[in-house]
Structures are given as C-alpha cells and as structure tokens.
Amino acid sequence: MSSWFKRKEKGIQTATEEKKDTPRGLWYKSPTGKIVESEELAKNFYVSPEDDYHVRIGSKEYFQILFDDNKFKELDANLSAKDPLKFEDTKKYDERLKAAQKKTGLKDAVRTAVGKSMGKEVVIACMDFSFIGGSMGSVVGEKIARAIDHSIENQLPFVMISKSGGARMMEAALSLMQLAKTSAKLAQLAEAKLPYISLCTDPTTGGTTASYAMLGDINIAEPGALIGFAGPRVVKEATGKELPPGFQTSEFVMEHGFLDFIVHRRDLKKKINLYLDLIQNNPLRK
C-alpha cells in the first residue's frame, strides 16, 4: 500500500495564523428556520423577507431607520451607572457594568438623540437589549428624563422605543423609582402639549411596561413582539391556567385594547411622522 496519502505526523500541522476563518454573520436564521443573507436583511430593515420575522435590533439601527441620513446629535452620551448598593450576585455589579460596556460599546441600556425625521426635529430615546437585557436602572431613567426635558425646552415631539426585560435588580429600589420619575416627566410633556409616541418592540416587559412604554399618546408595536408585565411562564404558574395561543404577542395585546396600532418596521418612519402630524394638527408630510 502506497504511503503517499498517509499522515506522517499526527495532529494538525497548520500554524494558527495560517488558518482560514469562516466570516461570521454572513447568514441569519430566523426562528421559523428561514435563512437570509445578513446584507439582504439590513437592506430589508432587519426583517426576514420570507417570513416577515422582525429581528431584534438596537439604537444604532433604529436611529438609522428614523433619522434623515442617519444624522443626529446624541444627548448625555457619557452618562454611566454607579454601584451605590455594592451589589453582588454571581458577579459584582460594577464588574458586570464594565463587561457590558466593553462587549456592547454602549454606556448603558438607552441612547437618546435629537435630529430630523422627514424634515422635522424629533427627540428619540431607544433602548438596547444587548446591555444587561435592556434593564432599566438609574441611568436609563435619568437619560429618558433629560431627553423629555430637551423636548419640552425645544418644543419637540418625543418618541420612546422600548426593548427591555424590566427594572435592573442590581439597583433594587433605585431602579423602581425610575418608573415614577419617567412617568412624572411624561406628565410634564403632556402639560406642555407635546406629542409622545411609544413604540414597543420585542420584548417590552416588567417595569418598562408598567411605566413609560404604555403612556404614549399613541402606543404602537412591531409585529410579533412580546409585550407584557410578567412573562408567560410566570403568568401561567401564578394563574394555574393554560394560556391562549399567541398570548402577549403584539397582535394579542392589540386585540385586547392595550395598543393602538401594529407597524411594520419598513413603515416606521412614515407612520410615526404621520401620527405626529395628526396629533399636532400639522399638514401631512409625504
């Protein structure tokens, strides 16, 4: 038997630097098993073209979709959380914060910005689920409060994009105080007769739902988003009942009077600005 095809030495001989990596993120597989090219997904507003599944995106992508030419001025960009309670579970909270900041390149779970959308200025606050599950701590509450102040001072409409697992447990009562703080600020916005549009995306749960996410002049959601206070598993355990199909999806929630509209991501910019024009009794922009 010829030995030309036999390995003379065992083990892999290729030097690490010579190994070829398969580029990551070229393809995306939706929960229904549809595979789409990442580039095509981005062109399609991060919605899977075959099954219309809305992929979770963050502030970077939403700002890109809503602001004209992706031009905006970020507000309070450097605000970051402290650890007043010296909280520790499997990891110290300050370590968790540093790790999340390093991994995501974000300072906390919300970014706020002002810019033009369809030619008119608007203030947008958008949550990032990638930062500790989009949890709402003191910084999230403070940034939203300051963004609302900016709206009031400059007589601009306010748009909130929620995507959150709820209050940040590592900040305990300080986190829960943000529910009252943001709700009080929205009351001031209403007194100033400025419109507030709330967009719920997947998932909008916990303290977020219990405060600003449900206080919009118009509450809208993306298709198929999970929206609720406690998650379906908790509700099932608490009630001891089987839950109806599609429980806590945008469609179910809208059917039960919790939402005004469901808006496809490709129509977001147009629809949000249409609602703003209607609320303010302005001529409709095209």
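**Helix pair.** I began with helices α4 (residues 138–153) and α5 (residues 172–191), whose axes come within 8 Å and cross at roughly 10°. The two are therefore roughly parallel to each other, a label for angles under 35 degrees, with over 145 counted as roughly antiparallel, 65 to 115 as roughly perpendicular and the rest as oblique. My axes are lines fitted to C-alpha atoms, for helices over the stretch in contact, and angles run from 0 to 180 degrees between N-to-C directions. Helices (H or I, at least four residues) and strands (E, at least two) are DSSP runs, numbered from the N terminus.

I noted that this is a predicted model, where local features need pLDDT of at least 70, side-chain atom pairs count only at pLDDT 80 or more, and totals for chains, interfaces and linings use all residues. Residues are numbered from 1 along each chain as its sequence is written, and side-chain values use heavy atoms, with hydrogens and water left out.

**I152.** I then followed I152, which sits in helix α4. Setting aside residues up to four places away in sequence, I152 touches Q188, L189, A192 and L194. The C-alpha atoms of I152 and A192 are separated by 6.7 Å, although the two are 40 residues apart along the chain. I152 is partly exposed, at 22% relative accessible area; buried means under 20%, exposed over 50%, and partly exposed in between (1.4 Å probe, protein chains only).

**Cores.** Which residues touch the most other members of the largest nonpolar core? Of its 29 residues, they are V140, I144, F158, M160 and Y212. A nonpolar core here is a set of buried Ala, Val, Leu, Ile, Met, Phe, Trp, Tyr and Cys residues joined through side-chain atoms within 4.5 Å. Helix α4 gives the most to this core, with 5 residues. I also listed a second, separate core of 21 residues, which includes I65, L66, V122 and I272.

**Cysteines.** I found 0 disulfides, taking a disulfide as a pair of cysteine sulfur atoms within 2.5 Å. C126 is buried at 0% relative accessible area, and C200 is buried with 0%.

Key:
Contact = heavy atoms within 4.5 Å.
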